[in-house]
Amino acid sequence: MNDTVELWGFLSDDVEAAREEVERLLGVRFRLYESETIGPYLFAELDQPEADLTLRPNVDADFDEEVDDPEEACAEPDFPDFGVLLYVERKAPGPPGEGRLAALGQAAQLLVTE
């Protein structure tokens with residue numbers, strides 16, 4: 001089975017507000033993690049549809065605001081207007097944004113499905 005990844009974007013830079021909204025809409029609880037490759041991120045598991053959720057700022061972990069070009073700051077440069085990103089790694093087949101994930105449309109925009 002191939003996993004599907006949905007990328008959702010929030011038009012705000014406020015990761016905490018996005019966390020609260022996703023927790024409310026999907027009934028999950030995020031845990032904070034740190035990664036050398038993506039920086040700090042929040043992780044939760046969702047049932048029905050079964051999926052892993054990764055919430056993070058749209059900032060490249062290697063970006064240094066003192067020396068790097070601000071135009072190269074985004075982790076997802078195709079979506080610079082979205083300050084917070086939610087990656088949904090679906091473990092079961094189905095259309096994008098189906099089931100409980102449909103509630104995300106109240107707060108975020110589905111940007112890409114791979």
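Residues 24 or more positions apart supply 64% of the chain's contacts (heavy atoms within 4.5 Å) that have a separation of 6 or more. This is a predicted model, in which local features need pLDDT of at least 70 and side-chain atom pairs count only at pLDDT 80 or more, while totals for chains, interfaces and linings use all residues. Residues are numbered from 1 along each chain as its sequence is written, and side-chain values use heavy atoms, with hydrogens and water left out.

**Overall build**

- You will find one helix and six strands in the chain; helices (H or I, at least four residues) and strands (E, at least two) are DSSP runs, numbered from the N terminus.
- Following the sequence, these elements come in the pattern β-α-β-β-β-β-β.
- The C-alpha trace spans about 45 × 25 × 25 Å along its principal axes.
- The chain's radius of gyration is 14 Å, which agrees with the value near 13 Å that a compact globule of 114 residues would have; the radius is taken over C-alpha atoms, and the globule rule is 2.2 Å times the number of residues to the power 0.38.

**Surface and charge**

- Of the 114 residues, 39% are buried, where buried means under 20% relative accessible area, exposed over 50% and partly exposed in between (1.4 Å probe, protein chains only).
- The chain carries 8 positive and 29 negative charges, and their mean positions are 13 Å apart.
- For these charges, Lys and Arg count as positive and Asp and Glu as negative, with His and the chain ends not counted; each charge is placed at NZ of Lys, CZ of Arg, CG of Asp or CD of Glu.

**An aromatic cluster to look for**

- Two aromatic pairs turn up in a search of the whole structure; rings of Phe, Tyr and Trp (its six-membered ring) pair if their centres lie within 6.5 Å, with planes under 30 degrees apart stacked, over 60 edge-to-face and the rest tilted.
- Tyr 33 and Tyr 41 are stacked, because their ring centres are 5.6 Å apart and their planes meet at 20°.
- Tyr 33 also pairs edge-to-face with Phe 43, at 6.3 Å centre to centre and 80° between the planes.
- Since Tyr 33 lies in strand 2 (residues 31-35) and Phe 43 in strand 3 (residues 39-46), this pair ties together parts 10 residues apart in sequence.
- Tyr 33 is partly exposed at 33% relative accessibility, whereas Tyr 41 is buried at 19% and Phe 43 is buried at 17%.
- Tyr 33, Tyr 41 and Phe 43 together make one aromatic cluster.
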